[in-house]
Amino acid sequence: HDLPQKLCRATIRVIHVDADSTIESLKKNVKPGFSPLLMLDSKGGGTGKAFDWGLADKFGASFPYLLAGGLDPQNVREALKKSRPLGVDVCGGVEKSKGVK
């Protein structure tokens, strides 16, 4: 799909990560010219489940990315140390209750 290119707007491509993901499988999801920024997120998105941040760090050696997936105030510092992303998306991990940040 080339819709992001037609829109001429910055987009973020989400690459879902699960227990079976490898560096090779993650790299296959990178489409040159599709999106200028990538986000690694747990498979399913919005699950509150984290994935192997070491895998994200290895991915980051080739591609800049944002980190999402199961991040909250208790684990985001560790995630940053292990994965070194450009930024994070904590979304649901900081909600006091559903929809209340």
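A contact here means heavy atoms within 4.5 Å. In this predicted model, residues 24 or more positions apart account for 50% of the chain's contacts with a separation of 6 or more. The chain has 101 residues, and 34% of them are buried. Its secondary structure consists of four helices and four strands, and the structure holds three salt bridges.

**Fold and surface**

- The chain exposes about 6700 Å².

- Side chains of opposite charge can pair when their charged atoms come close.
- The side chains of K43 and D18 form a salt bridge, with an N to O distance of 3.7 Å.
- K43 sits in the loop between β2 (37-42) and α3 (53-60), while D18 sits in the loop between β1 (12-17) and α2 (23-27), so this pair ties together parts that are 25 residues apart in sequence.
- K43 counts as exposed because its relative accessibility is 56%, and the cut-off for exposed is over 50%.
- D18 is partly exposed, at a relative accessible area of 27%.

**Salt bridge between a helix and a loop: D57 and R84**

- D57 and R84 are joined by a salt bridge in which the closest N and O atoms are 2.7 Å apart.
- D57 belongs to helix α3, and R84 to the loop between α4 (76-83) and β4 (87-89); the pair therefore ties together parts that are 27 residues apart in sequence.
- The relative accessible area of R84 is 60%, so R84 is exposed.

**Salt bridge within one helix: K82 and E78**

- The salt bridge between K82 and E78 has its closest N and O atoms 2.7 Å apart.
- Both residues lie in helix α4, and because they are four residues apart there, about one helical turn separates them.
- K82 counts as partly exposed, with 44% relative accessibility.
- E78 is also partly exposed, with a relative accessible area of 38%.

How values were computed:
Residues numbered from 1 in each chain as written. Predicted model: local features only at pLDDT ≥ 70, side-chain atom pairs only at ≥ 80, totals over all residues. Heavy atoms only, no water. Helix = DSSP H or I, 4+ residues; strand = E, 2+ residues; numbered from the N terminus. Buried < 20%, exposed > 50% of the residue type's maximum accessible area, 1.4 Å probe, protein only. Areas by Shrake-Rupley, 256 points an atom, 1.4 Å probe, with all protein chains shown as cover. Salt bridge = Lys/Arg side-chain N within 4 Å of Asp/Glu carboxyl O.
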